Amino acid sequence: METRKIEPIIEDILAGLADGEIVPYLGPGALADVRDTQTGAAIPADSDSLIHAMNGGRPMAPKLMYEFPRAAMNLELKRGRRFIEQFLTKTYGTGDWAPGAVHAWLAALRPSYVVDVNRDLLLQNAWSDTPHVLVRGVARVGGTDYRFLLHQNDGKAYRPVALNEVDPALPVLFKPMGSPQPEPSYIASDADYVDYITELMGGFAIPAFLKARRATKRYLFLGMRFTRDTERMVMSDIIFGAGEPAGWALIPAPTDKERRYCRKKNIEILPLDIDAFLTLTGRRAGGHTAALAG
């Protein structure tokens, strides 16, 4: 797709982001430029890097390398659930991770609703002085009909809130796979995903106020690939009730499988990487150009 044909689409996307009709949806690729400011190490983001980090820097058996939930299930059975939680909390809850270009852009844009399927704290930190609602996934819990945790930030700190206490007018940060704070909660292993996806399909993993907000929204998929069934199933249920088209995905070299899937879901593929998109966005967004540069 030529640049001159993409630019009008970018303008439409910018307008939709500005009025809240288009929702940023962050995948692992949104963390590609995130580094530890002290060591320069890249943050583990995609499936392979997470598996290597979880296994002491070594690959696992080929059948376990297929995707992180499968590898996490294997180590959970061997070393316990607490091992997985401690690994993810150490990985994402410690270290001095510098925000990437996407996070700087979103901090300037201040959207009313963001979906982030990564487990890091970069957006939570960026929004720390902005009142908002944090919705995070939780799996395999007893004594509740729901598979989400709710916290509300008053611009200073988070506090847990009940469903009937949420201010639905506040911006929402939805992190379905969890994060280390305010307290650790993760969707990680195969068993987690089976439970969580089942409850997503049943309507019990998304709070009612968010179901109302997401109706007819469209999505901009940043750093999201559609090659694995688990990620596709989560996405499909999260965007249930999306508008027409359902959104746009930045995929510079899509596979045939991704093309078929996106066509089925009415998602238009833009053959751009995130850097190219942000460059075009910065050209159009005027005053936000400095923020886009990170």
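These exercises explore a predicted model.

**Exercise 1. Where is Lys-217, and is Lys-217 buried or exposed?**

Step 1. Lys-217 sits in the loop between helix 8 (208–214) and strand 9 (218–222).

Step 2. Look up the relative accessible area. For Lys-217 the value is 11%.

Step 3. Apply the cut-off. Buried means under 20% relative accessible area. Lys-217 has 11%, so Lys-217 is buried.

**Exercise 2. Find what Lys-217 is in contact with.**

Step 1. Leave aside neighbours within four places in sequence. The contacts of Lys-217 are then Gly-20, Glu-21, Val-23, Gly-241, Ala-242, Gly-243 and Ala-246.

Step 2. Take Gly-20 from that list. Its backbone oxygen lies 2.9 Å from a polar atom of the Lys-217 side chain.

Step 3. Check the distance. A polar contact needs N or O atoms within 3.5 Å. The pair at Gly-20 and Lys-217 is 2.9 Å apart.

**Exercise 3. Describe the largest cavity: what is its volume, and which residues line it?**

Step 1. Search the whole structure. There is 1 cavity of 30 Å³ or more.

Step 2. Give the volume. The largest cavity has about 270 Å³. It is lined by 21 residues, and those closest to its centre are Pro-28, Val-117, Arg-119, Tyr-193 and Glu-231.

Step 3. Sort the lining of this cavity by type. The count is 13 nonpolar, 3 polar and 5 charged.

Step 4. Trace the helices. Helix 2 (47–54), helix 3 (68–79) and helix 9 (229–238) each supply at least two lining residues of the largest cavity. Helix 9 gives the most, with 4 residues.

**Exercise 4. Describe the largest pocket in the same way.**

Step 1. State the space. The largest pocket holds about 390 Å³. Of its 22 lining residues, Pro-28, Gly-29, Asp-46, Gly-223 and Arg-225 are the closest to its centre.

Step 2. Sort the lining of the largest pocket. It divides into 11 nonpolar, 4 polar and 7 charged residues.

**Exercise 5. Which residues of the largest nonpolar core touch the most other members?**

Step 1. Recall the background. In soluble globular proteins, nonpolar side chains tend to be buried together.

Step 2. Name the residues. The core has 40 residues, and Tyr-25, Val-135, Phe-174, Phe-221 and Phe-226 touch the most other members. Helix 7 (residues 190–202) provides the largest share of this core, 4 residues.

Step 3. Look for a core apart from this one. Another has 28 residues, including Leu-26, Val-102, Leu-123 and Trp-127.

Step 4. Zoom in on Phe-226. Beyond four places in sequence, Phe-226 touches Phe-221, Arg-232, Met-235, Ala-249, Ile-251, Glu-258, Tyr-261 and Cys-262.

Terms used
Residues numbered from 1 in each chain as written. Predicted model: local features only at pLDDT ≥ 70, side-chain atom pairs only at ≥ 80, totals over all residues. Heavy atoms only, no water. Buried < 20%, exposed > 50% of the residue type's maximum accessible area, 1.4 Å probe, protein only. Polar contact = N/O pair within 3.5 Å; in protein donor to acceptor, adjacent residues only side chain to side chain. Contact = heavy atoms within 4.5 Å. 1 Å grid on protein atoms, 1.4 Å probe; cavity = no way out; pocket = protein on both sides within 12 Å on 5 of 7 lines; lining within 4 Å. Points joined across faces, edges and corners; volume = space filled by probe spheres on them. Nonpolar A, V, L, I, M, F, W, Y, C, P; charged D, E, K, R; others polar. Core = buried A, V, L, I, M, F, W, Y, C linked by side-chain atoms within 4.5 Å.
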